2 protein chains.
Amino acid sequence: MVRTELAENGVSLYPGNAVTRVEKKDATLRVDCEEMSLEGEMVLVSIGVRPNSRIAEKAGIALGPEKAIAVDRSLLTSHKNIYAAGDCADAYHVVTGEKTWIPLALRANRGGWAVADHVMGKKVTLQGIAGTAVFKVFGLQVAGTGLNGEEAVNAGFDPAEVTIKGRSRAHAHPGSCTIAVNMVGDRQTGRLLGVQMVGQEGVAHRINAPAVALHAGMTVEAFGQCDLAYAPPFSPVWDPMLTAANQLLKKL
Amino acid sequence: MVRTELAENGVSLYPGNAVTRVEKKDATLRVDCEEMSLEGEMVLVSIGVRPNSRIAEKAGIALGPEKAIAVDRSLLTSHKNIYAAGDCADAYHVVTGEKTWIPLALRANRGGWAVADHVMGKKVTLQGIAGTAVFKVFGLQVAGTGLNGEEAVNAGFDPAEVTIKGRSRAHAHPGSCTIAVNMVGDRQTGRLLGVQMVGQEGVAHRINAPAVALHAGMTVEAFGQCDLAYAPPFSPVWDPMLTAANQLLKKL
């Protein structure tokens with residue numbers, strides 16, 4: 001769905017085709033890739049981020065995943081007088097219980113508050129993160145929380161997974177669009193492990209419901225029983241997330 | 001906010017002014033109220049609903065709140081061979097743990113599935129309802145889940161309550177609107193008891209996050225720590241619901 005949205009908006013993708021060289025050529029820029037060349041007026045380099053932890057590393061402070069600064073649930077580093085908060089610090093993942101590094105604004109901001117509270121004498125213990133994220137690509141909303149199937153396997157779970165397509169609004173309500181929901185659960189415990197969603201509307205805020213469920217350690221069955229809001233302009237009677245839970249339960 | 005939206009769309013409200021008589025007068029209808037008269041081409045009577053439980057009552061089956069048919073968590077009535085599902089049946093409220101009657105489509109539908117499963121030999125136990133509901137009034141979305149302050153008092157809680165105003169999108173993002181969030185928590189246990197929200201966008205699906213929290217029996221503090229989705233077109237870094245939780249925590 002994301003690829004189609006990009007293509008329909010004139011964006012060509014060349015995945016798995018590494019850039020080898022960028023060269024100025026008259027008024028344009030030539031980008032040489034492994035299997036092709038492209039020309040353009042502007043080259044925007046978007047190759048991900050890394051935690052800026054050099055000062056901590058030099059000071060002998062312990063690092064965590066991806067070399068982010070390792071902190072406990074109170075944002076304390078391995079040095080008893082030094083806290084770290086922001087995109088440079090790691091966090092506990094509420095699904096795996098393990099350390100992870102997913103640098104997003106809410107955690108960075110919340111970490112800052114927690115350090116301030118802590119330094120001022122108010123003990124704060126942060127639960128951790130579910131990795132909840134959303135982005136907009138042209139007219140499409142793309143969101144996720146927790147683990148996808150591959151991440152669940154890598155984290156040592158025995159996951160089952162379903163992808164369903166539902167509608168963003170009630171049957172026959174004008175303006176309705178397709179929402180695709182991917183849901184992952186653990187075969188051993190029945191626990192909800194993660195949800196991913198794509199659609200033209202109603203995705204960005206829907207994802208917060210399973211995010212809360214992950215914080216609560218809910219099973220897929222318990223999530224599927226939740227009393228979610230229904231009104232024709234906003235959802236089918238069975239929200240697509242509940243339909244996904246019902247289908248996933250059959251596999252679990 | 002709802003009153004303003006109605007007024008701006010040409011709807012006049014006369015609350016607390018009971019209708020005493022409706023009479024045909026030439027081509028129009030005259031509606032006599034206690035303190036005034038109105039004229040119009042159409043009268044739409046909207047005075048609420050009652051459970052249709054007469055047949056059950058005549059059969060000696062126990063009734064619950066509002067004379068809805070009393071059912072257990074498996075939708076079984078007081079007669080061991082008779083189930084009831086739909087708007088006619090009562091339900092357990094996940095916040096109070098008590099019986100309630102809030103006739104909404106998802107519970108009615110879910111109850112029907114549960115009875116079918118049960119009759120076919122698959123034991124089903126429903127958690128109950130949070131009373132999650134949403135409606136649209138012109139351009140405004142109005143949603144709620146769980147108890148408001150008054151309902152919390154009536155249910156025997158000692159509630160604290162805050163109302164905050166936040167933005168539907170990130171600071172300075174175009175198209176952002178005000179979202180008002182009312183949040184209710186229990187002073188004794190810190191538990192989240194309910195959330196009510198109003199805004200022109202982003203309310204209908206936001207309400208599902210606290211709905212899940214109510215099913216999980218979360219505290220306001222735990223809900224306030226949830227990793228909700230952030231991206232500028234969809235939310236401030238701190239979602240208005242998180243801001244409400246942070247403010248409510250101070251009162252608790």
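# Chat about a predicted two-chain model

Trainee: Let's start with Ser53(A): buried or exposed?

Mentor: Ser53(A) is buried, as its relative accessible area is 4%. Buried means under 20% relative accessible area, exposed means over 50%, and partly exposed is in between (1.4 Å probe, protein chains only).

Trainee: Before we go on, what sort of model is this, and how are things numbered?

Mentor: This is a predicted model, in which local features need pLDDT of at least 70 and side-chain atom pairs count only at pLDDT 80 or more, while totals for chains, interfaces and linings use all residues. Residues are numbered from 1 along each chain as its sequence is written, chains are lettered from A and ligands numbered from 1 in the order in which they are written, and side-chain values use heavy atoms, with hydrogens and water left out.

Trainee: And what are the confidence scores for chain A?

Mentor: Chain A has a mean pLDDT of 96, with 100% of its residues at 70 or more. pLDDT is the predictor's confidence in each residue, from 0 to 100. For the model, ipTM is 0.95 and pTM is 0.96.

Trainee: Back to Ser53(A), then. Where does it sit?

Mentor: You'll find Ser53(A) in the loop between β3 (37-40) and α2 (54-58) of chain A. Helices (H or I, at least four residues) and strands (E, at least two) are DSSP runs, numbered from the N terminus.

Trainee: What does the Ser53(A) side chain reach?

Mentor: It reaches the backbone oxygen of Lys67(A), at 2.5 Å. A polar contact is a pair of N or O atoms within 3.5 Å; within protein, one must be able to donate a hydrogen and the other to accept it, and residues adjacent in sequence count only if both atoms are side-chain atoms. Setting aside neighbours within four places in sequence, Ser53(A) is in contact (heavy atoms within 4.5 Å) with Leu63(A), Lys67(A) and Ile69(A).

Trainee: Which parts of chain A touch chain B?

Mentor: α3 (105-119), β6 (133-137), α5 (208-215) and α6 (220-224) of chain A each supply at least two residues. α5(A) gives the largest share, six residues. By class, that side of chain A has 29 nonpolar, 13 polar and five charged residues. Ala, Val, Leu, Ile, Met, Phe, Trp, Tyr, Cys and Pro count as nonpolar, Asp, Glu, Lys and Arg as charged, and the others, Gly among them, as polar.

Trainee: How much area is buried between the chains?

Mentor: About 4100 Å², with carbon and sulfur atoms giving 64%. Buried area is the accessible area (1.4 Å probe) that two parts lose on being put together, summed over both. His205(A), Asp227(A) and Phe234(A) supply 20% of what chain A buries against chain B, more than any other three residues. The contact takes 47 residues from chain A and 47 residues from chain B.

Trainee: New topic: what about phi of Asp26(B)?

Mentor: Phi of Asp26(B) is near 55 degrees, a positive value in a residue other than glycine. Most residues other than glycine have a negative phi. Asp26(B) lies in the loop between β1 and β2 (28-33) of chain B and is exposed, at 73%.
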